[in-house]
Amino acid sequence: MKTKSQMNRRGFLRAAGLIAAGTVAGTAVAKESKKPSPKEKKEPKKAPGKLQLNKLGKTDLLLSAISIGTGSGPSAQVIKYAMKSGINFIHTSVNYAGKKAIKEVAEAIKGKRDKVILGLKITWAPDDDKAMDNALKILGVDSVDIAFFNIHKADDVKNDKYRKGAERWIKAGKFKYIGLTTHSEMKECMENALEQGFYNALMPSYNLTMEKECEKVFADAEKQGVGIVLMKTKREMNEKTYLQAIPKYLSTPAVATVNKTLKTFAAVNEIIAASEKKLDEKQEKEIKKVAMMGMTGHCTMCGTCSQTCPQNVPVADMMRCADYYMADNEYYEVARETYAQIDVSKCVDCGKCEQVCPSEVPVKQYKSKLKKLFA
Ligand code: SF4
Ligand code: SF4
């Protein structure tokens, strides 16, 4: 058996016993992370078409409809190509790919700060000035345009320390606008953020299976002038369906941009081209149907399992570890570190988390295999 760090997504699924004969929980297995071929390493001579610019809520930020996420550390070369292609919003974090991501962003934007809108995930306490300054220093900038508090517990969103931190840092010129990013208890986190009234933007993990669940909160965001940046929109969709779904994501109320880690020139070209397509109602329905079928059995990070657990085990966070690990080998450390913070010993194996899962995720199997991999 390969070592943990060598094991890729398919390897994890196989180790987890979740694939057999090429299927995951009865659905097709998505391709493994695409590595750039030697041909792809060469920048195409012609940049792709024009990207639409969308206003982020009531802010004065005009974001390109497709923006670049840096979760698994795209190279500075690819980030520069994305900028040249019309992508103007870059989101990063000191935690992505063990600081590699933020350093690549710093390299890409050197001398071009005025050409980009920068987003930064705040993974430290809202009074930790040292961490804030350190992130800006690594990026080589005095301030970012929008910073996102990273909160995954709906009740935590209500804590006034975030408002105080945001106001203090905005006053100190560390960033202009404040957002909230979340990938657990998402609907509730977003609802609570809107209730707080000081957020300018929300950045949830979102996919087509969550359309109905998030319909109201997105409509409320639009009414309040809070912009939405969508992340983790691909999940387990195959590449073709995903690209077809891009216009659907972009037509969602309040959505200004789809933020996606793009690691090759080809990936930049493909997603920009996809954003220019228009879908009629029939095509939208068809894409949603295909996406929903493909997503059955895959965690959408809705948080229902965590909210149901009688032992308060953050099950959705455990599922996030599996997701990190499956997404890309470079996330292994993030997955391991996140898992280390979860007290799995509290689980009494009652099975409720699996029973309530609306996506029919085999939670029990994931839990047991995560334990073997990370314990
Ligand atoms: S495992 Fe199921 S219930 Fe838990 S977060 Fe994922 S989709 Fe929701
Ligand atoms: S099986 Fe464990 S994690 Fe799942 S609901 Fe029961 S106690 Fe919680």
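How do the residues of the shell around ligand 1 divide into nonpolar, polar and charged? There are ten nonpolar, four polar and no charged residues. Ala, Val, Leu, Ile, Met, Phe, Trp, Tyr, Cys and Pro count as nonpolar; Asp, Glu, Lys and Arg count as charged; the others, Gly among them, count as polar.

This is a predicted model: local features need pLDDT of at least 70, side-chain atom pairs count only at pLDDT 80 or more, and totals for chains, interfaces and linings use all residues. Residues are numbered from 1 along each chain as its sequence is written, while chains are lettered from A and ligands numbered from 1 in the order in which they are written.

**Ligand sites.** The shell around ligand 1 holds 14 residues. The closest are C299, C302, C305, A316 and C357. A residue is near a molecule if its C-beta atom, placed from the backbone, lies within 6 Å of it. Two elements, α13 (304–308) and α14 (315–327), each give two or more residues to this shell. The largest share, three residues, comes from α14. Around ligand 2, the residues include C309, C347, C350 and C353. D349 and K352 also belong there.

**Barrel.** Eight strands form a closed barrel with parallel pairing, in the order β6-β7-β8-β9-β10-β11-β12-β13. The twist averages 25° from one strand to the next. Helices (H or I, at least four residues) and strands (E, at least two) are DSSP runs, numbered from the N terminus. Strands pair if DSSP finds at least two bridges between them. β6 (residues 66–69) and β13 (residues 255–261) pair in the parallel sense over four bridges. There, S67 stands opposite N259.

Methods:
Axes are lines fitted to C-alpha atoms, for helices over the stretch in contact, and angles run from 0 to 180 degrees between N-to-C directions.
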